[in-house]
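Here is a short briefing on one protein chain. Look at the structure first, then read the points below.

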Amino acid sequence: MASDSPESLMTLCTDYCLRNLEGTLCYLLDNETLRLHPDIFLPSEICDKLVNEYVELVKTDSIFEPHESFFTLFSDPRSTRLARIHLREQIVQDQDLEAIRKQDLVELYLTNCEKLTAKSLQTLVSFSHTLISLSLFGCCNIFYEEENPGGCEDDCLVNPTRQVLVKDFTFEGFSRLRFLNLGRLIEGVNVETLLRPLASLAALDLSGIQLNDVGFLTQWKDSLVSLVLYNMDLSEEHIQVIAQLRKLRHLDISRDHLSSYYKFKLTRRVLNLFVENLVNLTSLDISGHTMLENCTIPSMEEKMGQTSIEPAKSSIAPFRGLKRPLQFLGLFETSLCRLTHIPAYKVSGDKNEEQVLNAIEAYTEHRPEITSRAINLLFDIARIERCSQLLRALQLVITALKCHKDDKNIQVTGSAALFYLTNSEYRMEQSVKLRHQVIQVVLNGMESYQEVTVQRNCCLTLCNFSIPEELEFQYRRVNELLLNILNQSRQDESIQRIAVHLCNALVCQVDNDHKEAVGKMGFVMTMLKLIQKKLADKTCDQVMEFSWSALWNITDETPDNCEMFLNYSGMKLFLECLKEFPEKQELHRNMLGLLGNVAEVKELRPQLMTSQFISVFSNLLESKADGIEVSYNACGVLSHIMFDGPEAWGICEPHREEVVKRMWAAIQSWDINSRRNINYRSFEPILRLLPQGISPVSQHWATWALYNLVSVYPDKYCPLLIKEGGIPLLKDMIKMASARQETKEMARKVIEHCSNFKEENMDTSR
């Protein structure tokens with residue numbers, strides 16, 4: 001299960017080595033094959049960890065690059081020792097098992113390894129003298145081999161892929177094998193013949209296998225302590241055989257009641273038979289079964305007294321014969337789980353949060369069909385009630401999503417549950433590590449599924465995090481995924497809106513390196529395409545406004561992104577939006593803020609020097625939209641253009657002096673105490689307008705901006721101005737003959753504000 005504890009040093013070192021094999025344990029032979037350095041010997045504790053963690057990384061980390069020759073690193077027991085390894089799904093192939101055939105494996109779990117064929121059966125024989133525990137769960141092709149070119153033998157069954165079923169393999173020679181999982185074994189394999197050579201099995205899992213006769217199980221009646229017959233269609237004969245396995249401590253005859261029709265119904269007599277004969281039983285799973293007759297005590301008696309797990313008070317009548325409470329009782333999707341007195345320490349069911357979490361925990365690894373329904377119940381609990389076992393719930397859902405990355409149902413229900421389990425109500429209970437794990441499985445889901453529900457759930461869940469701070473460790477990946485969503489030809493409106501909001505948040509308050517990297521991913525082009533589509537639809541909605549806001553953020557002090565905006569016809573879209581949506585104040589503010597960023601780049605300002613653009617900016621000086629913001633930003637754009645001097649004014653209309661006059665008028669009309677809808681990370685673009693005499697109006701705009709910000713938001717902007725050296729620049733400007741008197745007066749007030757703030761609030765020792 002996903003852990004909230006700090007990673008061990010072993011885990012950290014393993015992860016580092018796997019991500020840097022060439023720089024640590026290995027070298028490249030002929031520039032393609034990994035080889036272990038000759039002076040290295042690794043014991044099984046390290047090798048097992050390397051292999052198992054490698055499988056986990058390949059499965060859950062899209063950035064991690066698998067190595068074709070990885071398993072060959074463990075081919076020689078003289079330098080590497082393997083003992084217990086767990087391999088999953090498409091990651092392992094026949095040649096990988098073949099590479100480690102000389103190892104003395106004690107435990108080998110192969111789960112849903114569909115690429116393994118009968119070649120791997122022969123490799124298994126190499127481990128026969130040491131193997132104690134073996135799982136072939138879901139390895140549906142491991143009993144198939146390529147058809148003999150000379151023709152198929154009479155005793156072979158041919159499957160549609162022109163492979164033949166191997167029928168002569170048995171576990172002959174596996175003398176130490178005690179634990180065996182054959183779940184979902186391919187039909188046609190004779191299970192009895194396969195297992196007969198095993199002398200003393202302790203645990204056997206035959207999930208999903210249909211056997212009419214299980215009498216052969218009695219050969220292990222003195223050794224078998226665990227038997228799993230999940231989804232096996234039972235009969236009276238099966239029950240009689242099970243009753244003879246008196247050493248059983250764990251019995252699982254549960255079923256998925258949705259998978260197919262089962263004739264068998266569980267009765268009071270059957271449960272009595274188990275209680276009377278299986279006296280060592282500590283764990284029983286009868287989930288999904290329909291009870292043919294009433295197994296419960298009378299209703300009045302059932303509701304009496306405090307809830308008890310004592311067998312004598314059991315609401316399930318047959319269990320009153322138990323000598324002690326069961327450690328585990330599986331009652332998921334049965335009516336029995338809702339009873340008051342259940343004689344078990346742990347119960348899986350759907351009555352309450354505890355039972356649902358027990359179900360997720362018990363069934364995640366091998367029963368995704370059950371797990372998805374249990375997670376759906378958890379989703380309802382988290383949505384409607386308060387989840388009391390938050391940490392456990394999150395860890396279980398994370399584990400399920402990791403384990404079943406390619407299972408659509410689990411991805412849908414799991415991502416929905418995560419949305420509610422990570423909201424602000426639960427935030428204080430979650431560690432940084434746990435929230436990182438949530439983000440990783442959410443991004444895995446977004447990568448694996450283009451399906452609308454999964455994408456929406458994942459995007460909504462990301463909105464529960466502090467952006468960009470909590471997403472920074474996966475910054476590039478999350479941006480790529482969101483841009484991929486927004487670049488799809490057919491888009492769900494709600495997903496588009498959330499994705500644009502996330503993109504905007506991700507490029508706000510991050511350093512310029514991040515912005516440049518995202519710009520190179522196609523961010524600017526993607527936002528402009530969204531704007532273009534909304535323009536074509538004559539729609540100004542949140543997507544339109546968020547797109548302009550995102551462009552405003554990503555171009556802040558990032559010249560390359562500003563240039564991209566111009567190169568991709570951004571100014572054309574600006575003019576069209578202004579014309580199409582003349583009353584949309586927030587849109588105008590976002591667009592002018594963006595153009596302020598463009599105007600700060602000296603090399604790009606000539607592209608703004610056209611009669612059309614200058615006229616538009618000049619007219620916007622008189623705008624009252626969004627308080628002073630549109631007028632302020634228009635004046636900022638013109639201030640930077642004026643800063644280049646009269647010789648750069650390459651247009652006849654409007655005249656430079658006329659625009660300067662309108663700028664003075666606009667600035668004088670603003671209320672110095674205006675609260676602002678703007679966020680400066682740096683004053684550098686404003687401060688560069690102070691030490692110059694070529695454009696007094698630009699100097700005045702810059703001084704007004706500083707005065708307004710240090711007056712209204714002194715805690716934030718006084719320290720920033722002092723830190724960036726603004727005070728000496730203001731003092732120098734006051735001495736300049738070219739500066740206007742009113743500008744100098746304002747500069748003195750800025751200095752006075754900062755001086756007072758410094759005396760009252762700042763720790764001058766820092």
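Rings of Phe, Tyr and Trp (its six-membered ring) pair if their centres lie within 6.5 Å; planes under 30 degrees apart count as stacked, over 60 as edge-to-face and the rest as tilted. By that rule, the structure holds 21 aromatic pairs. This is a predicted model, where local features need pLDDT of at least 70, side-chain atom pairs count only at pLDDT 80 or more, and totals for chains, interfaces and linings use all residues. Residues are numbered from 1 along each chain as its sequence is written, and side-chain values use heavy atoms, with hydrogens and water left out.

**Aromatic pairs**

- A pair of aromatic rings is described by the distance of the centres and the angle of the planes.
- The rings of Tyr 680 and Phe 683 have centres 5.9 Å apart and planes at 50°, so this pair is tilted.
- Tyr 680 and Phe 683 are both buried. Buried means under 20% relative accessible area, exposed means over 50%, and partly exposed lies in between (1.4 Å probe, protein chains only).
- Tyr 713 and Tyr 717 make an edge-to-face pair, with 6.3 Å from centre to centre and 75° between the planes.
- Tyr 713 is partly exposed because its relative accessibility is 21%. Tyr 717 has 2%, so Tyr 717 counts as buried.
- Tyr 54, Phe 64, Phe 70, Phe 71 and Phe 74 are linked by ring pairs into a cluster.

**Salt bridges**

- Side chains of opposite charge can pair when their charged atoms come close.
- A salt bridge is a side-chain nitrogen of Lys or Arg within 4 Å of a carboxyl oxygen of Asp or Glu. The structure holds 37 of these salt bridges.
- Arg 19 and Asp 15 form one, at 3.0 Å from N to O. Both residues lie in helix H1 (residues 9-19), four residues apart, which is about one turn of the helix. Helices (H or I, at least four residues) and strands (E, at least two) are DSSP runs, numbered from the N terminus.
- Arg 19 is partly exposed because its relative accessibility is 39%. Asp 15 is also partly exposed, at 23%.
- Asp 644 and Lys 602 form a salt bridge at 3.5 Å, N to O. This pair links distant parts of the chain, 42 residues apart. Asp 644 sits in the loop between helix H24 (629-642) and helix H25 (656-669). Lys 602 sits in the loop between helix H22 (585-599) and helix H23 (611-620).
- Asp 644 is buried, at 14% relative accessible area, whereas Lys 602 is exposed, at 54%.
- Arg 662 and Glu 622 form a salt bridge at 3.0 Å, N to O. Arg 662 lies in helix H25 and Glu 622 in the loop between H23 and H24, so the pair ties together parts that are 40 residues apart in sequence.
- Arg 662 is partly exposed, at 22%, whereas Glu 622 is exposed, at 52%.
- Lys 59, Arg 88, Glu 89 and Glu 365 are linked in a network of salt bridges.

- Asp 285 lies in strand E12 (residues 283-285).
- The side chain of Asp 285 makes a polar contact with the side chain of Tyr 363, at 2.7 Å. A polar contact is a pair of N or O atoms within 3.5 Å; within protein, one must be able to donate a hydrogen and the other to accept it, and residues adjacent in sequence count only if both atoms are side-chain atoms.
- Not counting residues up to four places away in sequence, Asp 285 touches several residues, including Leu 251, Phe 328, Tyr 363 and Arg 367. Contact means heavy atoms within 4.5 Å.

**Backbone details**

- The peptide bond from Ile 467 to Pro 468 is cis, with omega near 10°. Pro 468 is in the loop between helix H14 (452-462) and helix H15 (475-486).
- The bond from Glu 653 to Pro 654 is also cis, with omega near -10°.
- Glu 89 is not a glycine, yet has a positive phi of about 55°. Glu 89 is in the loop between strand E3 (84-88) and helix H3 (94-99).
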